[in-house]
Amino acid sequence: MIEMEDVYKQYPNGVLAVNGINVQIKQGEFVYVVGPSGAGKSTFIKMMYREEKPTKGTIMINGINLSKLRSSKVPLLRRNIGVVFQDFKLLPKLTVFENVAFALEVIEEHPRNIKRRVLEVLDLVKLKHKARFIPSELSGGEQQRVSIARSIVNYPKIVIADEPTGNLDPDSSWGIMEIFEEINNRGTTVVMATHNREIVNKIRKRVIAIEGGRIVRDENRGDYGYDS
Ligand code: ADP
């Protein structure tokens, strides 16, 4: 359901960030993407939601060929892919409820459905009791849980996370991982770039290691690898 064939990405400044990637990720898989800084992890996952376009090669997501996808159809693609960032990217003046509801308001969902779905996902991330708070009144871990709630409120088939625990303390990070596991147990594909060795080595999943824009290792129930 995520398929890359001979994918290359060269940025306009000449940097070759992805240098020939072939990969298949099936519906319902949980995949860690690991590798040193600058290896091409972010570029690899940004191409999955068309934040970046490949210079060469084919990317298929749920049967859609991203190279042939018109810009006007990108919002439609994004509705089927939830994205979680290291720095949360919440709207600071909106409440927790409003931040999550926003994704549904833009697609003009019926207000009654919005309320039901927002409360349902806030319940999943255990933040229903803070629905009226604003982001600055929450801890980092709680803010990340809001951003996860926002990413799944459209019931996407895929959730992509770029270092979701990068700014969090270990306790909050484990809490975030429990939520991703729950989302994955419900059938959603999870692709997560991470530097968190403890998590990768403890919660064993498929590991794709990238170096110099290439996949150098791809193992089911792999470990983090790298000594440093
Ligand atoms: P990682 O996520 O593994 O740290 P990135 O995909 O962010 O790796 O970066 C891979 C390479 O591409 C790096 O050399 C980085 O400097 C470069 N790069 C990333 N984004 C851009 C960009 N927008 N323009 C030019 N070069 C970029």
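Helix H3 crosses helix H4 in a right-handed sense, meaning that the near helix is turned clockwise from the far one by less than a right angle. The model is predicted, so local features need pLDDT of at least 70 and side-chain atom pairs count only at pLDDT 80 or more, while totals for chains, interfaces and linings use all residues. Residues are numbered from 1 along each chain as its sequence is written, and side-chain values use heavy atoms, leaving out hydrogens and water.

**H3 and H4**
- H3 (residues 96-105) and H4 (residues 111-124) pack at about 125°, with axes 9 Å apart; helices are DSSP runs of H or I with at least four residues, and axes are lines fitted to C-alpha atoms over the stretch in contact, with angles from 0 to 180 degrees between N-to-C directions.
- The pair is therefore oblique.
- Residues of H3 in contact (heavy atoms within 4.5 Å) with H4 include Phe-97 and Leu-104, and those of H4 include Ile-114 and Leu-122.
- This contact has 10 nonpolar, no polar and 3 charged residues.

**H3 and H5**
- The axes of H3 and H5 (residues 140-152) come within 8 Å and cross at roughly 25°.
- That makes H3 roughly parallel to H5 (angles under 35 degrees).
- Val-96, Asn-99 and Val-100 of H3 meet Val-146, Ala-149 and Arg-150 of H5.

**Ligand**
- Residues surrounding the ligand (a heavy atom within 4 Å) include Asn-13, Pro-36, Lys-41 and Thr-43.
- A polar side-chain atom of Tyr-11 is 3.5 Å from a ligand nitrogen atom.
- A backbone N or O atom of Gly-38 lies 2.7 Å from a ligand oxygen atom.

Definitions and conventions: Helices (H or I, at least four residues) and strands (E, at least two) are DSSP runs, numbered from the N terminus. Angles under 35 degrees count as roughly parallel, over 145 as roughly antiparallel, 65 to 115 as roughly perpendicular and the rest as oblique. Ala, Val, Leu, Ile, Met, Phe, Trp, Tyr, Cys and Pro count as nonpolar, Asp, Glu, Lys and Arg as charged, and the others, Gly among them, as polar. A polar contact is a pair of N or O atoms within 3.5 Å; within protein, one must be able to donate a hydrogen and the other to accept it, and residues adjacent in sequence count only if both atoms are side-chain atoms.
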